[in-house]
Amino acid sequence: MTHILIQDVESCKDYQEAIKLTGQALESAGYTDEKYLDYCLNRESQFPTGLLLKQDKGVAIPHGDSELVKESAISMLRLNQAVPFKRMDDSQASVEAKLVFHLALADGNSHLGLLKSLMRAFQVDEFYEKILTCDQETAKKYLKDKIEGE
């Protein structure tokens with residue numbers, strides 16, 4: 001079972017702040033080790049996770065080492081004003097992300113499966129708008145259905 005945390009914020013000054021918000025939520029909930037957040041920030045600087053979707057919508061999927069995760073969780077950040085993340089397919093380009101899905105997976109083997117489920121969800125036209133605009137409880141259920149209902 002993957003726990004889901006959601007925060008709604010107006011904006012973040014940069015991708016580091018977005019990752020700090022989501023990473024601190026994971027640590028506060030007891031899902032990650034105290035070293036996890038720094039690992040994710042370092043990883044993002046070397047291997048960006050921004051992803052450009054259809055219609056110029058952007059998401060980011062930061063993540064870290066499964067050895068620093070106590071319980072699997074996703075810390076999702078929904079922003080009113082997008083924050084730039086470097087793109088995973090072209091680190092010289094940026095994508096404006098309004099959704100950040102910070103993955104903390106205790107089982108390294110489940111990482112690819114969850115990423116595949118998220119990628120499938122991103123292909124569904126209404127997924128982005130629904131997950132961005134519905135209330136938090138609905139968003140948790142919707143995301144859980146998309147990642148665990150596959």
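Reader: What confidence does the predictor assign to this protein on average?
Author: The mean pLDDT (the predictor's confidence in each residue, from 0 to 100) is 93, and 99% of the residues score at least 70. This is a predicted model, in which local features need pLDDT of at least 70 and side-chain atom pairs count only at 80 or more, while totals for chains, interfaces and linings use all residues. Residues are numbered from 1 along each chain as its sequence is written, and side-chain values use heavy atoms, without hydrogens or water.

Reader: What makes strand 1 and strand 4 a pair?
Author: Pairing requires at least two bridges found by DSSP. Seven bridges join strand 1 to strand 4 (residues 73-86), and the two strands run parallel. Ten bridges join strand 4 to strand 5, which run antiparallel.

Reader: Why do strand 1 and strand 2 stand at the edges?
Author: The sheet is open, with five strands in the order 1-4-5-3-2 and mixed pairing. Strand 1 (3-9) and strand 2 (50-52) each have a single partner strand, so one side of each is left without a neighbour in the sheet. Neighbouring strands are turned by 25° against each other on average, direction ignored.

Reader: Which strands does helix 1 lie across, and which does helix 2?
Author: Helix 1 (residues 15-28) lies across strand 1, strand 4 and strand 5 (94-104), at about 165° to strand 4. Helix 2 (residues 36-46) lies across strand 2, strand 4 and strand 5, at about 145° to strand 5. Angles run from 0 to 180 degrees between N-to-C directions of axes fitted to C-alpha atoms, for helices over the stretch in contact.

Reader: How do helix 4 and helix 5 pack, and which residues make the contact?
Author: Helix 4 (residues 125-133) and helix 5 (residues 136-148) pack at about 145°, with their axes 9 Å apart. The contact (heavy atoms within 4.5 Å) involves Glu-126, Phe-127, Lys-130 and Ile-131 of helix 4, and Thr-138, Ala-139, Tyr-142, Leu-143 and Lys-146 of helix 5.

Reader: What is the volume of the largest cavity, and which residues line it?
Author: A cavity is a set of points on a 1 Å grid over the protein atoms alone where a 1.4 Å probe fits but cannot get out; lining residues have an atom within 4 Å of a point. Points are joined across faces, edges and corners, and the volume is the space filled by probe spheres set on them. The count comes to one cavity of 30 Å³ or more, and the largest has a volume of about 70 Å³. Leu-53, Lys-54, Gln-55, Lys-57, Phe-122, Val-124, Asp-125 and Tyr-128 line the largest cavity.

Conventions. 1 Å grid on protein atoms, 1.4 Å probe; cavity = no way out; pocket = protein on both sides within 12 Å on 5 of 7 lines; lining within 4 Å. Helix = DSSP H or I, 4+ residues; strand = E, 2+ residues; numbered from the N terminus.
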